[in-house]
Amino acid sequence: MRVAIAGGGLAGLACAKYLVDAGHTPIIFERAAVLGGLVAAWQDADGDWVETGLHAFFGAYPNMLQLLEELGISDRLQWKRHALIFNQPENPEVLSWFDVPDLPSPINVLLSILRNNDMLTWEQKLRFALGLWPAIVRGQKYVEAMDKYTLLEWLERQGIDERVNSDIFIAASKALTFINPDEVSATIPLTAMNRFLRERYGSKIAFLDGSPPERLCQPIVEYITARGGEVHTNVALREIVLKEDLSVQCFVMADSESQRRFEVTADAYVSALSVDAIKLLLPKPWQELPFFQKLNGLEGVPVINVQIWFDRKLPTVDHLLFSRSPLLSVYADMSETCKGYADPDKSMLELVLAPAAEWIGRPDAEIIEATLAELAKLFPNHLPEPAKVLKAAVVKTPRSVYKATPGRQAFRPDQVTPIPNFFLSGSYTMQPYLGSMEGAVLSGKLAAQAIAQQPPMPSTQTVANAATA
């Protein structure tokens with residue numbers, strides 16, 4: 001079957017990869033000049049990579065790890081010491097380590113909590129561990145039932161005090177969902193914690209050894225095209241044209257530069273766009289169907305990624321760090337964590353600003369100034385003096401992964417739609433890894449499997465008809 005896929009992020013790329021594995025012919029169309037979607041990156045005038053986000057890979061990402069293994073690029077992940085690391089704002093330039101011993105789960109994670117003496121008292125440790133016990137014993141079914149509570153409400157129900165929330169869960173919530181515990185569904189951080197508690201190396205972190213377009217996306221493209229698939233950039237989906245029975249007749253595409261429009265016909269069609277984008281493109285008759293009406297309950301959350309290049313090394317470590325800053329989420333010195341960005345003399349910090357709703361419309365210069373002010377609290381002996389900023393980059397994503405507030409699970413759609421030749425792929429669709437790289441890859445795999453189970457159809461041809469924009 002020929003399958004037209006709108007969207008060249010991880011969800012679209014994974015879908016195409018597993019379609020060629022099943023003997024089908026996918027054709028990807030990506031609106032931007034670069035592939036990757038939320039993991040896209042591009043080079044600036046100096047040849048340095050500017051990324052859309054700070055991307056950490058976890059041991060609890062089985063589908064991502066399987067994909068890398070199948071592509072023969074597992075060695076491109078640089079695994080770090082098994083630990084979670086938090087800044088201590090009250091004790092700048094001193095880090096608090098939750099070192100995870102190499103023992104079976106959940107003993108290893110629980111021991112990492114009990115052994116940490118920097119952030120929690122023994123009473124708080126015990127309350128923390130006991131509070132997590134229902135998720136350990138009752139599993140994912142219990143975790144999903146907690147979608148009716150915010151994380152803060154769940155913590156209060158478990159008797160976990162405000163200190164644990166402020167020291168650990170605010171940082172974890174912002175890292176996972178880009179919003180605070182008083183907004184996020186308890187299901188999201190509990191899902192992550194449940195996997196960390198059940199998988200020995202689930203919380204172990206790795207970084208890619210270079211830019212995502214070169215080191216992750218390009219191998220997928222080469223795999224797809226070597227097996228007969230196609231990948232096109234600078235081509236955007238403009239309209240979904242329907243037949244009388246409401247199935248898809250064709251995708252109307254437009255070249256991003258010339259705006260020349262043309263039709264693409266296929267046996268099956270996939271939207272691997274964000275939930276916000278596909279809502280804008282839904283044909284009017286589909287908007288009346290309950291399945292698609294559920295999408296109105298989902299929207300993307302704003303995210304800002306900041307990269308700052310310094311003229312010297314800052315006292316950082318080769319790992320992901322939870323800043324515990326009211327403005328910032330996680331950060332890393334990419335000159336240490338990423339082989340492709342290595343620099344023995346200068347640091348390049350990549351930071352996630354979250355929550356970003358109040359900042360997404362502000363000028364880049366104001367965002368950089370505020371970021372540096374927060375960094376000065378973490379590195380008071382180095383900022384604002386003697387370290388100097390060489391340059392900085394700000395990338396704003398007004399609508400990133402779906403905003404995971406309570407009750408959103410009920411609005412997440414399946415990859416299979418009521419339209420027999422139309423499918424969805426994206427981390428917002430229903431799969432257990434939520435809004436993440438792992439969720440995007442799994443959604444693409446599930447969409448491909450659903451398409452492969454469809455009865456065979458007569459082959460079709462791509463028809464290009466020039467038209468005015």
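In which sense, left-handed or right-handed, does α1 pass α8? The model is a predicted one, and in it α1 passes α8 in a left-handed crossing.

**Helix packing**

Two packed helices are described by the angle between their axes and the distance between the axes.

| Helix pair | Axes come within | Crossing angle |
|---|---|---|
| α1 (residues 10–21) and α14 (residues 437–452) | 7 Å | roughly 40 degrees |
| α1 and α8 (residues 212–226) | 9 Å | roughly 30 degrees |

For the pair α1 and α8, an angle under 35 degrees counts as roughly parallel, and these two helices are therefore roughly parallel to each other. On the side of α1, the residues that meet α8 are L10, L13, A16, K17, V20 and D21, while α8 brings L216, C217, I220, V221, Y223 and I224 to the contact. Sorted by class, the residues of this contact of α1 with α8 comprise 10 nonpolar and two charged, with no polar ones.

The axes of α1 and α14 cross at roughly 40 degrees, which makes α1 oblique to α14. The crossing of α1 and α14 is right-handed. Here α1 contributes L10, A11, A14, C15, Y18 and L19, and α14 contributes M437, A440, V441, S443, G444, K445, A447, A448 and I451. The residues of the contact of α1 with α14 divide into 12 nonpolar, two polar and one charged.

**Empty space inside the model**

Rolling a probe the size of a water molecule over the atoms shows where empty space is left. How many cavities of 30 Å³ or more are counted? The count comes to one, and the largest cavity holds about 90 Å³ of space. Its lining is made up of V39, E51, L54, H55, F57, F207, L208, G210, P212, M334 and M437, and the residues of this lining divide by class into eight nonpolar, two polar and one charged. M437, which is part of the lining of the largest cavity, is also one of the α14 residues in the contact with α1.

By class, the lining of the second largest pocket has seven nonpolar, four polar and four charged residues.

Key
Residues are numbered from 1 along each chain as its sequence is written. This is a predicted model: local features need pLDDT of at least 70, side-chain atom pairs count only at pLDDT 80 or more; totals for chains, interfaces and linings use all residues. Side-chain values use heavy atoms; hydrogens and water are left out. On a 1 Å grid over the protein atoms alone, a cavity is a set of points where a 1.4 Å probe fits but cannot get out, and a pocket is an open set with protein on both sides within 12 Å along at least five of seven lines; lining residues have an atom within 4 Å of a point. Grid points are joined across faces, edges and corners, and a volume is the space filled by probe spheres set on the points. Ala, Val, Leu, Ile, Met, Phe, Trp, Tyr, Cys and Pro count as nonpolar, Asp, Glu, Lys and Arg as charged, and the others, Gly among them, as polar. Axes are lines fitted to C-alpha atoms, for helices over the stretch in contact, and angles run from 0 to 180 degrees between N-to-C directions. Helices (H or I, at least four residues) and strands (E, at least two) are DSSP runs, numbered from the N terminus. Angles under 35 degrees count as roughly parallel, over 145 as roughly antiparallel, 65 to 115 as roughly perpendicular and the rest as oblique. A crossing is left-handed if the near helix is turned anticlockwise from the far one by less than a right angle, and right-handed if clockwise. Contact means heavy atoms within 4.5 Å.
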